[in-house]
Amino acid sequence: LTANGATVALPLAKGKNRLLMRIDNKWEAEFISLRLVDASGAPAKGVTIQLQEIEDAPAMPEVYITQDWQELIGQIPPLPASKDEPQFGANLNRTMALLESGGQTGRPVRILFYGQSITAQRWVWHLVRRLRERYPDTDIQAENWAISGWQINKLNRTVKHDILRAKPDLVVLHAYGSMSWDWENILQKIRRETSAEIMVRTAHIAGRDLKGFDEEGGNPVPTDDADSLMIRRLARKYGCELVECRQEWLEYIRAHGLMDRLDLCSDGLHLNRGGEILMAQLYERHFQPQPVSRPWFQTVRRYDAMRSIADRRNDEIQLIGDGWDINQVNHATSSGENDKLTLKFYGNRVDLVMPQCDGKAKVLIDGKTPSEWNLLQGTRPGTKGQVPAQLMTYYLGDNAIAEDWHLKFTHLSGDGKKFRYTLIGSRTGPDGEGDHNTTFVSNSGRITINPQDFNPSRNFRSGGSPTELEPVRDELLLTWSLRQPFPDEVHGIPQQEGEAWLPRYDHPYRYVTIIDGLPQGEHELTLIPIHSEKKQHFRLSAIETHRPPLWD
């Protein structure tokens with residue numbers, strides 16, 4: 001039984017054996033292989049194999065690593081200190097501040113991992129487990145959206161479905177692909193659309209990096225290569241935290257005599273357990289607080305709700321109406337029928353910081369509700385059945401609405417290079433037909449698909465004519481959803497029955513994003529408290545607006 005380059009021997013008893021396996025086939029090129037041999041190691045004969053797929057298999061839960069960090073890192077030789085450690089964390093100021101203060105503020109910290117198969121490995125969860133160990137009172141929300149085999153040029157197409165609208169605080173990014181334009185493009189997208197900090201790394205030392213070099217003969221492996229030089233340059237240009245993986249990995253395997261054995265790789269490239277532990281350590285030691293060299297108050301701006309009353313200033317939040325409680329300190333409370341709150345700001349995203357309350361308020365941006373802005377978020381297309389190609393991205397028309405979409409393959413050549421399909425929206429209905437080499441615009445104008453955004457599935461064979469289109473018998477689908485994630489009304493955390501109100505400095509604050517993806521320019525937020533016969537009160541502590549570094 002082999003998986004991820006590792007081999008496990010499973011002795012079988014005489015007679016009937018039943019083996020239950022859980023295989024994650026979420027992305028292309030994820031596989032598992034089995035080989036039956038007899039006691040001498042020769043291929044087994046006279047054995048019948050039956051494969052049965054379980055329908056509606058449960059989703060794989062988030063990976064939780066429970067092993068103690070010190071016990072974990074003790075499984076490999078120690079990682080020596082780096083000469084650059086005094087600068088570690090210099091580009092993680094905001095992330096470190098949120099991690100260190102999360103227990104006090106209650107604000108979640110969102111970390112997104114993005115890349116290829118190496119980023120999909122377990123070192124990610126070793127790192128997350130360590131951060132949760134270091135900051136036990138902080139809610140660290142980590143997600144791994146790596147796509148095996150997809151280089152940076154393909155991730156450039158999927159990034160808008162994964163990162164740009166996910167509201168991350170930190171993006172941990174690595175992928176192969178040395179095209180400077182693709183790397184610069186994806187970094188610009190993140191810097192233009194989000195306020196997230198970014199971690200990148202140079203590539204670790206793999207088997208291909210050692211070919212042609214003879215350390216003992218005076219021909220050492222270089223610490224620089226074209227990809228590393230590019231990543232270092234772009235990290236400095238866009239203010240990314242740089243994990244110098246290539247240099248430190250090379251020093252590590254030299255120091256511990258691992259140059260000729262690749263004891264940290266399972267197949268010459270992917271990491272074995274030792275490599276995963278080393279990778280987690282290389283990242284973990286960058287999470288260090290540093291003296292503030294680049295403040296982030298302009299990227300994420302906080303406006304306190306009571307400043308207009310406490311300082312008698314109306315240049316930020318304005319509390320309009322006579323129902324606002326002027327005796328509060330850390331939040332504004334509305335009880336008047338004609339109350340409203342306004343704020344003019346520059347930015348593409350607005351978060352509310354709300355204490356415990358049982359009230360609600362209507363949300364307006366430039367006089368329009370969030371749903372009227374139609375800032376839809378679309379998921380990355382998923383697959384059903386053995387499809388000939390995956391769809392990396394799609395484009396929305398101005399009249400797009402929240403609904404589910406199915407792209408159904410109707411005709412297909414045996415090699416999968418030619419195909420035809422129909423597009424169906426759950427609310428729009430049948431919306432046109434397309435093929436593999438023509439730009440498709442749906443009949444409604446709501447969806448556009450470019451043929452270069454289809455990524456052919458490797459080694460696809462349907463069994464039919466290699467080059468001629470034939471009708472598809474099985475249901476082969478690409479599916480995605482468009483959602484309107486921003487409600488027109490915002491609700492506080494209500495008091496539970498029998499629960500006493502908490503002291504004013506111990507409120508469980510709720511951080512809620514009420515809009516994201518606004519166009520460039522100045523905007524005006526209006527909150528109109530909604531009152532009822534139950535005398536529910538709307539409370540607000542602060543407003544945070546996000547202005548990405550390259551947004552304007």
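## Helix H3 and its cover

The buried residues of helix H3 are covered by, among others, helix H1 (69–73), strand E3 (109–115), strand E4 (140–144) and helix H9 (273–284). Helices here are DSSP runs of H or I with at least four residues, strands are E runs of at least two, and both are numbered from the N terminus. The buried set in H3 is Trp123, Val124, Trp125, His126, Leu127, Val128, Arg130 and Leu131, where buried means under 20% relative accessible area (1.4 Å probe, protein chains only), exposed over 50%, and partly exposed in between.

How far apart are the end C-alpha atoms of H3? They sit 17 Å apart, which agrees with the 16 Å that its twelve residues (123–134) should span at 1.5 Å a residue; the expected span is 1.5 Å times one less than the number of residues.

## Ground rules

This is a predicted model, with local features needing pLDDT of at least 70 and side-chain atom pairs counting only at pLDDT 80 or more, while totals for chains, interfaces and linings use all residues. Residues are numbered from 1 along each chain as its sequence is written, and side-chain values use heavy atoms, with hydrogens and water left out.

Take Phe287: leaving aside neighbours within four places in sequence, its contacts (heavy atoms within 4.5 Å) include Leu127 and Leu131, plus Leu92, Met96 and Met199.

## A four-stranded sheet

An open antiparallel sheet runs in the order E8-E30-E12-E27. Its edges are E8 (300–304) and E27 (510–516), each pairing on one side only. The twist averages 20° from one strand to the next. E8 and E30 (542–546) pair over five bridges, where pairing takes at least two DSSP bridges, and Asp304 stands opposite Ala542 in E30.

## Thr422 and the whole chain

Thr422 lies in strand E19 (419–425). Buried or exposed? Thr422 is buried, at 18% relative accessible area.

Overall, the chain has eleven helices and 30 strands, and buried residues make up 47% of its 552 residues.

Terms used. Axes are lines fitted to C-alpha atoms, for helices over the stretch in contact, and angles run from 0 to 180 degrees between N-to-C directions.
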